[in-house]
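Student: I would like to go through the terms used for this structure and see what each one rests on.

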Amino acid sequence: MSMAKGLLPDTHPQSAGAARSTVLKDADVVMLIGARLNWLLSHGKGKTWGAPHSKKFIQVDIEPKEMDSNVEIVAPVVGDIGSCVAALVEGMGSNWASPPADWVGAVNSKKEENIAKMAPRLMKNSAPMDYHGALGALRTVIKERPDTILVNEGANTLDLARGVIDIYKPRKRLDVGTWGVMGIGTGFAIGAAIETGKPVLAVEGDSAFGFCGMEVETICRYRLPVCVVVFNNDGIYRGTDINPSGGSDAATTVFVKGSRYDKMMEAFGGAGANVTTPDELKRAVDDALDSGRPTLINAVIDPAAGSESGRIGNLNPQSVLRKK
């Protein structure tokens with residue numbers, strides 16, 4: 001889960017994040033520690049989890065009412081994570097059975113397959129950028145600077161970054177978690193910079209930035225070591241929608257074309273940069289993190305590269321009446 005990224009490095013041999021779909025579908029037993037069967041895990045049901053009722057759930061949670069809230073929890077463990085896990089480890093003793101080799105092999109094989117499939121997309125150096133090319137550049141930044149705190153929010157910007165950018169240390173990644181809200185990015189970045197003194201990289205969708213963008217003044221006022229990258233694709237999802245009313249106004253998902261968010265940061269005394277390729281993005285972020293100066297990078301993303309985040313349109317009510 002994104003909230004636990006870095007607790008076990010994404011590159012660790014026992015991290016199955018890159019084979020998430022396979023693991024959730026094929027596992028016999030799933031142990032939830034600090035995670036709940038909410039919308040991020042399809043409520044423990046449906047195609048995500050394979051055949052119906054095919055697996056057993058163990059859940060460690062401090063809230064008793066969470067047990068059996070969506071599916072049956074065959075082994076509920078109520079309490080704080082530290083105490084519960086310590087008791088479980090003590091009860092298991094030192095003679096741990098090795099995991100089945102065929103299962104571990106299947107997971108590793110799927111991980112390698114998915115990583116190989118993704119690699120060419122992350123190295124694409126096009127202008128304007130697509131999401132994977134831009135995130136590939138930021139993935140390299142975090143790999144080279146694992147102490148950097150990553151803040152992430154948006155629609156496609158959040159969905160894709162969760163899977164693309166590896167985290168190597170605990171408590172180095174902040175996003176909206178289970179709430180699915182926008183507008184927390186620059187506030188999180190300010191709090192992280194003040195609390196830790198570490199450089200912060202805040203990766204924002206342009207819509208998410210619209211909810212909290214004026215906090216760049218706060219970042220500049222306190223001269224915080226925050227680099228904000230705005231993925232600017234001219235709107236929400238694709239930024240290419242047509243006004244459904246047929247009027248002359250732009251659709252509600254369309255923003256001002258060619259906006260220069262970097263000029264906002266410059267207006268308050270920070271540094272700004274406008275980039276159109278992954279190479280330019282990588283250089284600009286490196287310069288910002290090296291300098292420690294408040295910086296905003298306007299990363300131009302191809303509007304055609306986006307998609308509806310989480311396919312939430314599928315949740316809209318559907319008419320049961322067929323058109324004749």
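The questions below take some helix and residue descriptions in turn.

Tutor: This is a predicted model, in which local features need pLDDT of at least 70 and side-chain atom pairs count only at pLDDT 80 or more, while totals for chains, interfaces and linings use all residues. Residues are numbered from 1 along each chain as its sequence is written, and side-chain values use heavy atoms, with hydrogens and water left out.

Student: Why is α3 called roughly perpendicular to α4?

Tutor: Helix α3 (residues 101–122) and helix α4 (residues 131–144) pack at an angle of about 100 degrees. Angles of 65 to 115 degrees count as roughly perpendicular, under 35 as roughly parallel, over 145 as roughly antiparallel and the rest as oblique. Therefore α3 is roughly perpendicular to α4. Their axes are 8 Å apart, an axis being a line fitted to C-alpha atoms, for helices over the stretch in contact.

Student: Which residues make that contact?

Tutor: On α3 they are M118, R121 and L122, and on α4 they are H132, G133, G136 and R139. Contact means heavy atoms within 4.5 Å. By class, the residues of this contact are two nonpolar, three polar and two charged; Gly is counted as polar.

Student: How do you know that the buried residues of α3 line one face?

Tutor: The buried residues are V107, K111 and L122, where buried means under 20% relative accessible area, exposed over 50% and partly exposed in between (1.4 Å probe, protein chains only). Seen down the axis of α3, they fall within an arc of 40 degrees, so they line one face. The arc is that of the directions from the helix axis to the C-beta atoms. The face turned away carries exposed residues, namely A101, D102, E112, A116, K117 and P120. The buried residues pack against α1 (20–26), α4 and α5 (156–164).

Student: What makes S259 buried?

Tutor: The relative accessible area of S259 is 17%, and the cut-off is under 20%, so S259 counts as buried. S259 sits in the loop between β7 (226–232) and α9 (262–267). Not counting residues up to four places away in sequence, S259 touches N232 and N298.

Student: Is N233 buried or exposed?

Tutor: N233 has 1% relative accessibility and therefore counts as buried.

Key: Axes are lines fitted to C-alpha atoms, for helices over the stretch in contact, and angles run from 0 to 180 degrees between N-to-C directions. Helices (H or I, at least four residues) and strands (E, at least two) are DSSP runs, numbered from the N terminus.
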